[in-house]
Amino acid sequence: MTLHKTSWFASVPFTFAVAMALGTSISAQDNALGRDDLSPHVFPFRLDAGVLEGPGAEVLLSNLADHHALLLGEYHNSVQISLLTSALIPHLHANNYNVLALEIGPAAAHTLSAIAQQANDTDGLGQALATLNRTYAVQTEDRTQVPVPFVSHAEDIPIISAASEREWNLIGIDQEFIYGFQLVIDGAAAKLESNDPRLIDIKALRNLIDDVYAGDQTGRRQAAHRLHNSKEIQRLIESLATGDDAIAEAVRGLRDSIQIYGLNASGDWWESNGRRIDLMKRSLTAGLNEASFDLGNDRLVLKAGSVHTGRGLSLLRHYEVGNTVSELMEANGQKSLHIVFAERFWESDDGVVDSLSTDRRYEVIRQFGQVDQWTLIDLRPLKRSIFYDVLECEQFVKEWFLQHDVVLIPPADRSSSVVRE
């Protein structure tokens, strides 16, 4: 750093001022956040057969009683994150947590909840979910799409089953998935009497969406364009969206979802993200009201992608639903615990791969990951030093500190597979 004579020169720390006066430079490493700063706040733990053991487990479980909302900011389709979530549910239930909010649509959540209530056990739920996936599968150029993403994997079934067994309320806070629209329409049609005149329009809408899915698709962008630009689809949706019953509500959910996908496909990501985030907040509020959520006694678990679960401005530069939950808890004299998951080791056909070898982002945090056990890093003791730049770090790491409370790094992870049989 070269010498600059400015009005704030006299107020800067002495060592910094001396270095500037001498015309020397200070390496960014002199006060950079490093391993020694974080090590006192790093706690390993193990998860074996659903049992949590070790110092990190003690830190994690002890915090459940002190907070009224737990936000799990995941990276999607992780086997290890699903296994941990399932293992946490008995502990969460013991601390009055009784609502599970997921990054799926409200109509999809109602269907999933109904399936879970009808299933006798975890195996029954798995079979029902496999049937659902086969029934509504949509084949695109690169993959077979299922109607309810993020909860359609083998490791997710125990989560839904355990929550349902304990009579938790399941809330969907996201848009309806673009390849799950048939499921939403069939659910709405099933609620109508056989002589309801709306059945004609609902069946026509279903056929038009079938045609979109059956088209020569190269991915969801093409489907989004066709759904958004179809005047007949828009006409039918507007016709069915009037009223205040469950059918109109479900169709309005489709309308909002199509608009969000259409804006994204056209490149207007700011507006698309903004509308999606607004929808998440409204859906969370509606879901909590439907569950008769009591802020004084009940507690919430929200599991979604990490971009949605933090405080303050997200990477998308919007105030996400995680910030809403934080503000809601604080306004009621309570606390929310925001956890972000960071990956490091991955299982591959050639063995375990260290992802830091090709991706150095968040290295100061991810360096603590271990192959054979979980790592918990408590960010809270260093938040003040990070905020005031007493400890410097890359901007994305700083935002993790400001947005979240705890980082969890799984042991060697792998991508989960969709249940189909």
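Predicted model: local features only at pLDDT ≥ 70, side-chain atom pairs only at ≥ 80, totals over all residues.

Is Arg366 buried or exposed? I find Arg366 in helix H15, and it counts as buried because its relative accessibility is 3%, where the cut-off is under 20%. Leaving aside neighbours within four places in sequence, I noted its contacts, among them Ala342, Ser355, Leu356 and Ile409.

Next I turned to helix H17, residues 395-403, whose buried residues include Trp400 and Phe401, but also Lys398 and Glu399. The buried residues of H17 pack against several elements, including H15 and strands E9 (336-341) and E13 (406-409).

Then the cores. The largest nonpolar core has 49 residues, and Leu84, Leu100, Ile339, Phe341 and Leu408 have the most contacts inside it. Helix H4 (residues 79-94) gives the largest share of this core, six residues. I looked up Ile339 too: beyond four places in sequence, it touches Leu60, Leu70, Thr309, His404 and Leu408, among others. A second, separate core of 30 residues includes Ile178, Ile185, Leu199 and Ala224.

Last, the outside. I found a nonpolar surface patch of about 420 Å², made by Phe387, Tyr388, Val390 and Leu402. Tyr388 sits in the loop between H16 and H17, and I log Tyr388 as exposed because its relative accessible area is 56%, with the cut-off at over 50%.

Methods
Residues numbered from 1 in each chain as written. Heavy atoms only, no water. Core = buried A, V, L, I, M, F, W, Y, C linked by side-chain atoms within 4.5 Å. Buried < 20%, exposed > 50% of the residue type's maximum accessible area, 1.4 Å probe, protein only. Helix = DSSP H or I, 4+ residues; strand = E, 2+ residues; numbered from the N terminus. Contact = heavy atoms within 4.5 Å. Patch = residues over 30% accessible without salt bridge, like charges linked within 9 Å, V, L, I, M, F, W, Y side chains within 5 Å. Areas by Shrake-Rupley, 256 points an atom, 1.4 Å probe, with all protein chains shown as cover. Salt bridge = Lys/Arg side-chain N within 4 Å of Asp/Glu carboxyl O.
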